[in-house]
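Dear colleague,

I am handing over the structure we spoke about, and would ask you to keep it open while you read the notes that follow it.

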Amino acid sequence: MLSAREQFFNSNEGTAGIGLGIEIGESSTSKAGRGVYNSTTVPMTNASSWRNGQTSTSTNATPTVSVTPTSNQAPVTVKQTPLEPLDEGEEDVNFDMDALSNLPGRDPVDIEFKDLSLTVKLGFNRGEKEILHNVCGKFPGSQLIAIMGPSGAGKSTLLDALSGFKTTGVMGSILLNGRRRDLPSFRRLSCYITQDDRLQPLLTVSENMHIAADLKLGENVSYDEKESRIEDILLLLGLYDHDQTLTMRLSGGQKKRLSIALELINNPTVMFLDEPTTGLDSSSCTKVLELLKRLTSQGRTIICTIHQPTAKLFQIFDQVYVLSAGNCLYQGGTQKLVPFLQSVDLPCPMYHNPADYIIELACGEYGFDKIDTLKSANENGSCLTWFNNPGSVLRAEALMRKHPIPRRTKNVSLENTSFTNQCSVLLRRGYIKARRDTTMTHMRIIVNIAVAVLYGAMYDHAGKEGSRVLDNYNLLFAILMHHSMTTMMLTVLTFPIEMTILIKEHFNRWYSLKAFYFAMTLVDLPLTILTSFMFSVIIYLWSYQPMEWVRFWMFFSISLLVVFVGQSFGLIIGAWFNVVNGTFLAPVLTIPMMMFAGFGVTLRDLPSYLKWGSHISHLRYGLEGFIAAIYGLDRGTLECNEAPYCHYRYPRKFLEEITMSGDQFWKDIIALCAMTFLFRLGAYIVLKAKIKSVR
């Protein structure tokens, strides 16, 4: 007995679609040459008319569809009620087409790739894997192009290779208007929008746009021109009414449109989008693709990956490129997909979404031999027969004659603005974020005050009492651990989130890595000094440390440097590892530093083969600096009011006991400064290596 699917595909007579009430079969008109949809299919002229329940046919008449009867049944006529308007979850977005006309047009860019392959390393001693297998393709300018395929087919990999986001392991040739691609020049006229919306959550839409304009347009563009372009883009994308809304409070569709808006600031010619419809409802998907379709009318080439579009979304695209296991199964117009499948004896069933059917074929659902058939028929992407207008597709030689050799720019930098302007804009953005960040700013201030109050209550009067010298010693080490661990863990937990935004913005040439790192260091400097100063004042006064200005500033300077070292060390870990691994690794690496600090085991009692550890421990220099500030400088005899005998009433005796001379303060300062510089330099190197490893 045949299955329902086999009956559906193998029946020679008309078959009634289950639940459709319409006949599925071949008619004389459909055989003559149908498009993607049959004449009885509800036309999808545009998304707005579909949402309003309107089609190109008259909406007043109620359509009737006859069902072919069997031998024992009488003919049945079924009336179809008109479609009801869909209830959309998001607000209705009206795109301002006048704003689109204000954006300057661009000369179209044709992208062609030949024998493109990409190999990735699987890990240490695990070999390599080829993701793309010598695929070819051609993406004409001024078109919206979809790269389709099942999961793991290589869609995002192909997009990464074409955009230049991935350069390691890429083999083959990529041509722009017939000439070999010059990657730095190509990056100046293209942009890459990632699948996840990597946006600054604490900035409003307007602030994000102004920051992007200042970074991408530069200081040579006037303020009025920047404002005009920002206003046009927000009107075009339907975001003008939300310009004062924080990014974190936008809906998924609004975030996706904002990601596009930020890259439209410098008017790119080629736009790459990785899964722009992921996480969006059907209404938002339609709005995003309609927007992209409109942008192609000005000469832009827009290439995006999409997993499995609906029939309505599929017809929005001009061209589709289908991948399966790193091979090209089809390249051509969306309206030519069904004729192509017919030509290779794999006809798409009527009323079956062609996008769904080609994905089913690419998955091997109808046999893996069908994949080889499609690959051979399409010549792995070399065949240009199925383009919408094959005669107008120019070869590389014709494109070279049509487009002159691009003029070389004298600007060796990829960024559009100077280093000084980049730092200025990033400092402004960092200041806005710091004011609104509850974790990095507000909680940091509260925690430092709360811990200082707690320590002060526990160690009250410990600084001046001779019988409580060991208690004060414990307090100094506790302060040291607080300064080191809190700043280090805060950086480990928060920087990986910033890292994702950095990778996207740096690739799209918003700023250089040097400018980002410099601005990030300066932005955090005032808050670090403020929190350290508040903590030092509270704990120093409450614990009755020696009331001498010199000693207080010595105490504060050591506290500040220990914070810098801990923060820099956390930056190294946060730049390379994710949150989970960094949270585990940071405390583990801190434990040896505690062992070599001279607190539990004095420096004198360390084994000779472990003495080297005390020279690389920043906690050792911090503790030694605290001791020099509190008990050094020939401090006099301490009070002994709480006990009949005070063993460490004389500070010199205590210094001899812990094998610290108390006169090493400036050596400790130099050592901590050197470690801060080395860790900061190491963090920059790790950050640069991380960005390079991603690509």
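Which residues make a nonpolar surface patch of about 390 Å²? The patch is made by F419, F518, L522, L525 and I529, where a patch of this kind takes residues with over 30% relative accessible area and no salt bridge, nonpolar side chains (Val, Leu, Ile, Met, Phe, Trp, Tyr) being joined within 5 Å. Its largest share, 4 residues, comes from helix α19 (residues 513-542), while F419 belongs to helix α16 (residues 419-436) and is partly exposed, at a relative accessible area of 41%.

Please bear in mind that this is a predicted model, in which local features need pLDDT of at least 70 and side-chain atom pairs count only at pLDDT 80 or more, whereas totals for chains, interfaces and linings use all residues. Residues are numbered from 1 along each chain as its sequence is written, and side-chain values use heavy atoms, with hydrogens and water left out.

As for the whole, the secondary structure of the protein comes to 25 helices and 14 strands, helices (H or I, at least four residues) and strands (E, at least two) being DSSP runs numbered from the N terminus. Of its 695 residues, 52% count as buried, a word that here means under 20% relative accessible area, with exposed meaning over 50% and partly exposed lying in between (1.4 Å probe, protein chains only). The accessible surface, computed by the Shrake-Rupley method with a 1.4 Å probe, comes to about 32600 Å², of which 58% belongs to carbon and sulfur atoms.

The largest nonpolar core has 116 residues, and I111, M209 and I260 have the most contacts inside it; such a core is a set of buried Ala, Val, Leu, Ile, Met, Phe, Trp, Tyr and Cys residues joined through side-chain atoms within 4.5 Å. Apart from it lies another core, of 49 residues, among them L476, F535, F556 and V565. Leaving aside neighbours within four places in sequence, I111 is in contact (heavy atoms within 4.5 Å) with residues including G137, F139, L175 and F272.

Strand β5 (residues 111-121) pairs with strand β6 (residues 128-139) in the antiparallel sense over 8 bridges, two strands being taken as paired if DSSP finds at least two bridges between them. Along this pairing, F113 stands opposite G137 and L118 stands opposite L132. Both strands belong to an open sheet of 4 strands, in the order β6-β5-β8-β9, with antiparallel pairing. Here β6 and β9 (179-180) stand at the edges, each with a single partner strand, so one side of each is left without a neighbour in the sheet.

Turning to charges, a search of the whole structure finds 16 salt bridges, each defined as a side-chain nitrogen of Lys or Arg within 4 Å of a carboxyl oxygen of Asp or Glu. In another, R444 pairs with D524, the closest N and O atoms being 2.8 Å apart; R444 and D524 are both buried.

With kind regards

Note on methods. Patch = residues over 30% accessible without salt bridge, like charges linked within 9 Å, V, L, I, M, F, W, Y side chains within 5 Å.
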